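Here is a short report on charged side chains and how they pair. Look over the sequence and the model first.

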Amino acid sequence: MKENEINNLINENEFLKRQLEEQKSSYKQLSSELGQSIFECEDLDKENRKLKKENEELKKEIKKLKTFKEEVESSTGWKIKSIFK
């Protein structure tokens with residue numbers, strides 16, 4: 001009977017070791033995926049900041065061009081040209 005109990009404990013111990021190794025492997029895989037996701041997120045944040053900056057610069061340029069257009073259209077020469085079109 002004792003030998004049977006010892007064999008059962010040995011088998012259970014081996015089973016638990018295999019489970020532990022599987023869980024370690026899964027943890028390593030998840031850690032790797034998490035690290036990749038963090039780096040991708042940082043890259044996307046950097047790209048987002050860059051695009052926001054470009055967007056602001058384009059808005060400023062559009063505003064300048066609108067102001068310039070309004071000045072040109074309100075000038076006497078523009079009004080004279082538009083009459084002859």
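The count of salt bridges comes to 3. This is a predicted model. The pairs are listed below.

| Salt bridge | Distance, N to O |
|---|---|
| K17 and E14 | 4.0 Å |
| K24 and E21 | 3.7 Å |
| E56 and K59 | 3.9 Å |

Where do the partners sit? K17 and E14 both lie in helix 1, 3 residues apart, about one turn of the helix. K24 and E21 are also in helix 1; they are separated by about one helical turn because they are 3 residues apart. E56 and K59 follow with a spacing of 3 residues in helix 1, again about one turn.

Now the exposure of these side chains. K17 has 44% relative accessibility, so it counts as partly exposed. K24 stands at 39% and is partly exposed, as is E21 at 48%. E56 has a relative accessible area of 42% and is partly exposed. K59 is partly exposed too, at 48%.

Next, charge on the surface. Which residues gather in a patch of negative charge? They are E40, E42, D43 and D45. E42 lies in helix 1, which spans residues 2–74. At 44% relative accessibility, E42 counts as partly exposed, because the partly exposed class runs between under 20% (buried) and over 50% (exposed).

Last, the whole chain. The protein chain holds 2 helices and 0 strands. Of its 85 residues, 0% count as buried. The chain exposes about 8600 Å², and carbon and sulfur atoms supply 57% of that area.

Conventions: Residues are numbered from 1 along each chain as its sequence is written. This is a predicted model: local features need pLDDT of at least 70, side-chain atom pairs count only at pLDDT 80 or more; totals for chains, interfaces and linings use all residues. Side-chain values use heavy atoms; hydrogens and water are left out. Patches are made of residues with over 30% relative accessible area and no salt bridge: like charges are joined within 9 Å, nonpolar side chains (Val, Leu, Ile, Met, Phe, Trp, Tyr) within 5 Å. Accessible areas come from the Shrake-Rupley method with a 1.4 Å probe; for residues, only the protein chains shown count as cover. A salt bridge is a side-chain nitrogen of Lys or Arg within 4 Å of a carboxyl oxygen of Asp or Glu. Lys and Arg count as positive and Asp and Glu as negative; His and the chain ends are not counted. The place of a charge is taken as NZ of Lys, CZ of Arg, CG of Asp or CD of Glu. Helices (H or I, at least four residues) and strands (E, at least two) are DSSP runs, numbered from the N terminus. Buried means under 20% relative accessible area, exposed over 50%, partly exposed in between (1.4 Å probe, protein chains only).
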